[in-house]
Amino acid sequence: MSATFEKLEGNMADITITVPAEDFKKACVDVYNKSKGKFQFDGFRKGKVPMAFIEKTYGPAVFYEDAANDLINKTYFNEIKDLDLDIVSNPDISVSQIEKGKDFIYKAKVATKPPVELGDMSAIEIEKVDTEVTDEDVEKEIERRLKENSSKKEVTDRAAKDGDETMINFEGFVDEVAFEGGKGENYPLVLGSGSFIPGFEEQIVGHNVGDSFDVNVTFPEDYQAENLAGKAAVFKCDLLAIKETILPELDDEYVSDTTDFETVDEFKADVRKTLEERKAETAKRQKEDRAVEKLVELSKMELPDAMIAYQQDKMIDNFGQQLMYQGMNLQQYLNMTGQTRDDMRDQVKPEAEKQIKKSLVVEAVADAQGFEVTEEDKAAEIEKLAKQYQMEVDKIKEIMGDEQMEALALDIKMQKAVEYIASQAKEV
């Protein structure tokens, strides 16, 4: 078995893989053994029709397609491992030779990692990130924490207002016709949350429990369901219940009962410190992101279409995995939103290109600077993971296999490169 390659223009390559005739013959026999039960001829018991008889009847190519697919699946990844190619796409497979008694030969057209001409890092200028924590920031954070210990109170003596948690029935109509997905019963909705179509929640404000009323809205032009985008709709609504959020009173007694502090002043000081640390970390990430994005703008590279397509599909598949945790699959989501997979591919293409460019630039900097990952680096990262998942360090090491450790080392190397790029940026 052998594999050779030819580099093509546009960071593409043609790989030729040759499988010996004996292996191809064996693959055909394997396909015959798996499928012989499907063939029936007079004079033969089911599953006992000789291979030669089937080939004579249907032609020698009767088993070729399945045999070829089996061989490609078994040989492709093994054969490309030792090639001096950095492959960044799925292969476009074509069969060059498939004939009884001869070697099986197929080609795989692939994209290869494009070279990067790095821009001048001394020219990186980014906007300075604000890290100041204001009194308003502290008060908002305290209110958020108080809400975590809040209670709900049924309201019957006043109209709904912003911030209330309501329970509604609704059904939507466009041109007096109910549309799919526009109906809900006993639906919880926090007024002011912005979780519904713009203008919907505001029209519930002022109504009382037991009211039935119409809510008139217009779907945004960029609404995900194209059949509704930009259209006026009427929702028939019933307001079933209103609940008001009651916040606990912030005093020394509450603080001592619910926190590690004794006084409100101590509690507020800790909240401010936490916010300052959080803002500093956020600012660090923003500075890194902006610096990398600027370096991407200053750098040059040519992305093969197949590389972009691979990233698009990976992003869509990852989104499909996330949907599964919510009890939905990708096809159900596409049906609900009136989209096709190709529509999604068009939507994610700009982000796919952006992600690829950022990754290539960071890798190029890491290689240019010769960053290495030490055992101390890996130990420190594993320690972070152990704290994050509240597990013992040894248990994390036990769980992580060789591939995961390699991925961890690569992440550390890339982070070093990101931090280096950020260190070269001028804040203006």
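Predicted model: local features only at pLDDT ≥ 70, side-chain atom pairs only at ≥ 80, totals over all residues.
Strand β3 is joined to strand β4 (residues 104-111) by five bridges, and the two run antiparallel. Strands of a sheet pair through backbone hydrogen bonds, either parallel or antiparallel. How many strands does the open sheet have, and in what order? There are four, arranged as β1-β2-β4-β3, with antiparallel pairing. Which strands stand at the edges? They are β1 (2-8) and β3 (92-97); each has a single partner strand, so one side of each has no neighbour in the sheet. On average, neighbouring strands here are turned by 20° against each other, direction ignored.

A helix joins the picture too. Helix α3 (residues 64-80) packs on this sheet and touches β1, β2 (12-19), β3 and β4. The direction of α3 makes about 55° with that of β4.

Now look at helix α6 (residues 264-298) and helix α12 (residues 402-424). They pack with their axes 8 Å apart, at an angle of about 85°.

Sorted by class, the contact of α6 with α12 holds six nonpolar, one polar and four charged residues.

**Some buried residues**

Gln311 sits in helix α7 (residues 305-325). Leaving aside residues up to four places away in sequence, Gln311 touches Ala352, Gln355 and Ile356. Is Gln311 buried or exposed? Its relative accessibility is 12%, and since buried means under 20% relative accessible area, Gln311 counts as buried.

| Residue | Relative accessible area | Class |
|---|---|---|
| Gln311 | 12% | buried |
| Cys28 | 5% | buried |
| Cys237 | 2% | buried |

How many disulfides does the structure hold? The count is zero. Cys28 is buried, with 5% relative accessible area, and Cys237 is buried as well, at 2% relative accessibility.

Methods. Residues numbered from 1 in each chain as written. Heavy atoms only, no water. Axes fitted to C-alpha atoms, helices over the stretch in contact; angles between N-to-C directions. Nonpolar A, V, L, I, M, F, W, Y, C, P; charged D, E, K, R; others polar. Buried < 20%, exposed > 50% of the residue type's maximum accessible area, 1.4 Å probe, protein only. Contact = heavy atoms within 4.5 Å. Pairing = 2+ DSSP bridges. Disulfide = S-S within 2.5 Å.
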